Amino acid sequence: MSAASPQRKYKLTDQVDFLIIGCGASGSVLARELSRNGFSVVALEQGPWLDRKQFSHDEYRVAAQSLLTNNPQKQPTTFRKTPNDKAKKQSAFVYGRMVGGGTVHFTANFWRFHEIDFIEASKKGTIARTGLADWPITYTDLEPYYTKAEWDLGVSGQAGVSPFDPPRSKPYPLPPMPVKSSGVIFEQAARKLGYHPFPAPMALISQSYQGRLPCAHCGFCAGFGCEMGAESSPLPTMVPQAVATGRCEIRPHSYVRKIELDSKGRAVGAVYFDESGKQSLQHAKAVIVSCNGAETPRLLLMSKSNQFPSGLANSSGLVGKYLMFNTFPITGGLFEHQLNEYKSIEVTRILQDFYELDAQKVGFYGGGGMDARFVWTPIQFAAFGISPHVPQWGSEYKQALQKYFTRTMYLTGHGTSLPLETNSITLDETVKDEWGLPAICVTYKDHPDDLANQRFLVARSMEILETAKVLDRRSFPVEEQNYGFHLLGTCRMGNDPKSSVINAERRSHDVPNLFLCDGSSLVTSGGGQPTETIQALAFRASDRITALAKKGEI
Amino acid sequence: MSNRRTFLSQAAASLGLLYVTGITPELFAQAHEHAKAAPRNLDGQPFRFFTPQQAADYEAFAGQVFPTDDTPGAKEANVVRFVDFALSEIEPQNKENFANALKALGEQAKRTNPEAKSFAALASAHQIEAMKALEKTDEFGTLRFYTIVGFLGDPADGGNKDQIGWKLIGFKDDFYYAPPFGYYDERLMKEQKEKA
C-alpha cells in the first residue's frame, strides 16, 4: 500500500457506482473524474502501488525483476505471425503493471493525434484486406479533452511553432524543456533540409506546477519511475486526487479473472485474486475495463458464459482483433564532440513533416513523426546500442564504448500500423499464467505498407544525419515486429455493433453497464504516439459516462 | 550510509552553481532524497553459485570481454562477484542457463586445445580463439550480457566496483543536472548570448 493512504474503503458487498479494472493511464483518469463527480469508485490494479521514493536507477534490477512491468515468467505469452502458424512461447509485449500504468515509466512523448487520424478512410479511401475505418468521433470532439489532459496532468511544450500542429484551444501550461545536444543537431540539420522541427511536447513539468517540483534532468525517464514526481503520470496527479475525494478506493495486487453477469445480461462485478491468491467478487452498478490493448480483450475472452459463449461483449467477433503496435524505425550516429545524452529527458526536438504522407506520391499508406533521442542506459548501450561496425568485446570494444557512449544519438521514427483483422490477441489454453489463467497469444505480421513506411522514415533519418555531419551512422534493420510496446485497437469503437465492440460513449454494444476505456478502443494507430489520445479519450469517457449515469441510463 | 554523505557534501559544494542555473534549494533537497544505496562490497566472501573452477573460467572470459589494459577491466570491476550475487539473489531462475553456457565454454576450450584442462587454463590467444568460435551462440550471448551488467550496472549489486565501468564510458549517476548538457547545446547557448 502506498503512502497515499488512508483512503476510503469499500466492502466487497457494497454495490459501488463504478468498478474500474486497471488503474493505469486511463483507469486512474476515470477514477479521479468519476469520484470527483460524486460517484463511489473501486479501482482494481493487478500491480503494486509504488511511491516515488521506492523508485531506483538500478537498470538491472528494474528489468530483471520486472519491477514496473508485466513479468514474462509469471505471465507467459505466445507468439505467431499468422493464424496458420503454431504459436511459440515467447515474450510478446511489455506494459506498465502498477498503479499509474505504463505512463509511470514512459518516454513522456505527448502528441495529439491530427485531424486526419479520425477520418482517414473517408478522406483517403479504404484499403483492401485492411480494417481502415473512420472513428465515430472527430478531432473536434476530442480537442477539449486534449487540452484538459495537458492542463490537468502538466505538459511542457510550445504551441503554434509547428505548421503541422492541429488546432488547439489553449497553449501548453508549461514552457518546453531545455534543448539537449541531440535536439540542436537534429533541429539544425532538419531545417537545412527544409523540414519544421519543434520543441517536443512532453508529459513532464519544466517548472513547478500544482505543488509538484520540476524535472531535475537525472536522465532516467523511459523504463524507470520518476523519483522527483516530475513525470506527469497519474501517480503524482490523478491517483492522489482521486483518493482525496473520499469516494475512491484503489486496490493494488488485484488480478481480475472474470466479469460476472446476472441473468439479464448485466455486469454485476468482477472476480479477482488478491495478493494472497484468495478470490473475491467486488460488486458494482457498472464496470469499466481499462486494462490495456492486450489485457482488456483477454479479460473479455476469459469472461465467456452461456450468454456470451465466444467471450463477453463479443457478438461482433472482433474482441482481440485489429491489434496495432505502431512502428519504430531507428537510425543513429556518432558525433565529433560530447553530447552527454544520458543527462536530462530523452527527447527535446521532434518533427511531423512526414505525418500525413501522400500515398499516391510515396506508393504506400502511412506516415508518422520523428524524434531525436537517446534512451540507452549504460548496460543497454553496451549490450545492444553500439555500432556493429566495431568489435563487440575486447580492448577495441572498450575503446569504442569510451568513444561512443557520450557522443551518440539516435533518430526514431514513429510510424503507423494498418489495422488488420489477422493481427490479434487470443487465449492460448495450452499455456497458463501463475494464477492458472490462459496465456495471451499474440498473432502479428506488419502490413507491407507499414514496412515501406519504416524504410521511408529510415531514409529521411539517414539524410538528416548526413546533413548533420555525422561521423559514423547506422540504421537498425527494418523487420517484421514480434514484440509490442504500444498495444492498440483490439476492441475498436464504432457506431455499428457488427463492426465494432463499443460505441462512442465507450459503452459495449452488448452489455449496457459495461464500458471499455483504454488503447484497445483506437480505430487507427495514429502517427506513433498514442498516449495523449488514450488519456484524452479517458477524460471524454468520464464526461459521457457521468452524463449517462445522471440521466439514469446505465 | 557513507555514500549518501559523500553525495550530500559534493552536492553542497556545488550549491553556488545550482543557484546560477535556476535549481531551487527545494528541488535540490528533493533530488537528495534519492542518494543511491551504498555499493555492495563482496570481496573475500565465499562464492554461493560458482564452483572455484567455474569462477576461474568465467573470470577469464569476462577478462577477455573487458580486458585490463590502459584502463581497468572486468577483473577490477568485480564482475565475477556480481554474477555470483545476481544468480544467487536476483535471478536464481537463470542459474542453469548460465551454468550451461560455462559448460559450452569449457567444451570449446577442449576443441581449441585438447590438452587444456579448462578455459581458464588456455593461453590468452587460445581463449580469444575459443571465444571467436562461440561468438554467434546464445551461450556466448548469455556470458557476455552478464559481463556487461557486472561492468556497467549499479554498484549496489556488487559489480562496477568504484564505478570503473561508468568512468570508462563517461557516465555519471547524479540525480540532477543543469543545462548545458553537451557540446552542441553549450555552443548554441553561447551563440544566443552573443547575439543578445
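In the predicted model described here, buried residues (under 20% relative accessible area, with exposed meaning over 50% and partly exposed in between, for a 1.4 Å probe and protein chains only) make up 48% of the 196 residues in chain B. Chain B holds 10 helices and 0 strands, where helices (H or I, at least four residues) and strands (E, at least two) are DSSP runs numbered from the N terminus. Of the contacts in chain B with a separation of 6 or more, 69% are between residues 24 or more positions apart; contact means heavy atoms within 4.5 Å.

Residues are numbered from 1 along each chain as its sequence is written, and chains are lettered from A and ligands numbered from 1 in the order in which they are written. As this is a predicted model, local features need pLDDT of at least 70 and side-chain atom pairs count only at pLDDT 80 or more, while totals for chains, interfaces and linings use all residues; side-chain values use heavy atoms, with hydrogens and water left out.

We turn next to the interface. Chain A brings 50 residues to the contact and chain B brings 56 residues. Together the chains bury about 4700 Å², 63% of it on carbon and sulfur atoms; buried area is the accessible area (1.4 Å probe) that two parts lose on being put together, summed over both. A:Tyr60, A:Trp393 and A:Lys398 supply 20% of the area that chain A buries against chain B, more than any other three residues. Between the chains there are 2 salt bridges, each a side-chain nitrogen of Lys or Arg within 4 Å of a carboxyl oxygen of Asp or Glu. One of them joins A:Lys398 to B:Asp69, with the closest N and O atoms 2.8 Å apart.

Rings of Phe, Tyr and Trp (its six-membered ring) pair if their centres lie within 6.5 Å, and planes under 30 degrees apart count as stacked, over 60 as edge-to-face and the rest as tilted. The whole structure contains 45 such pairs over all chains. In one tilted pair, A:Tyr255 and A:Trp435 lie 4.2 Å centre to centre with 50° between the planes. This pair links distant parts of chain A, from strand β7 to the loop between β14 and β15, 180 residues apart. A:Tyr255 is buried, at 4% relative accessible area, whereas A:Trp435 is partly exposed at 24%. B:Phe50 sits in the loop between α3 and α4, and B:Phe98 in helix α6, 48 residues apart. Both are buried, B:Phe50 at 5% relative accessibility and B:Phe98 at 0%.

A:Lys81 and A:Glu480 form one with closest N and O atoms 2.6 Å apart, linking parts of chain A that are 399 residues apart. Another joins A:Glu150 to A:Arg168 at 3.1 Å between the closest N and O atoms. A:Glu150 lies in helix α4 and A:Arg168 in the loop between α4 and α5, so the pair ties together parts 18 residues apart in sequence. A:Glu150 and A:Arg168 are both buried. A:Arg298 and A:Asp433 form a further salt bridge, with closest N and O atoms 3.0 Å apart, and both of these residues are buried too.
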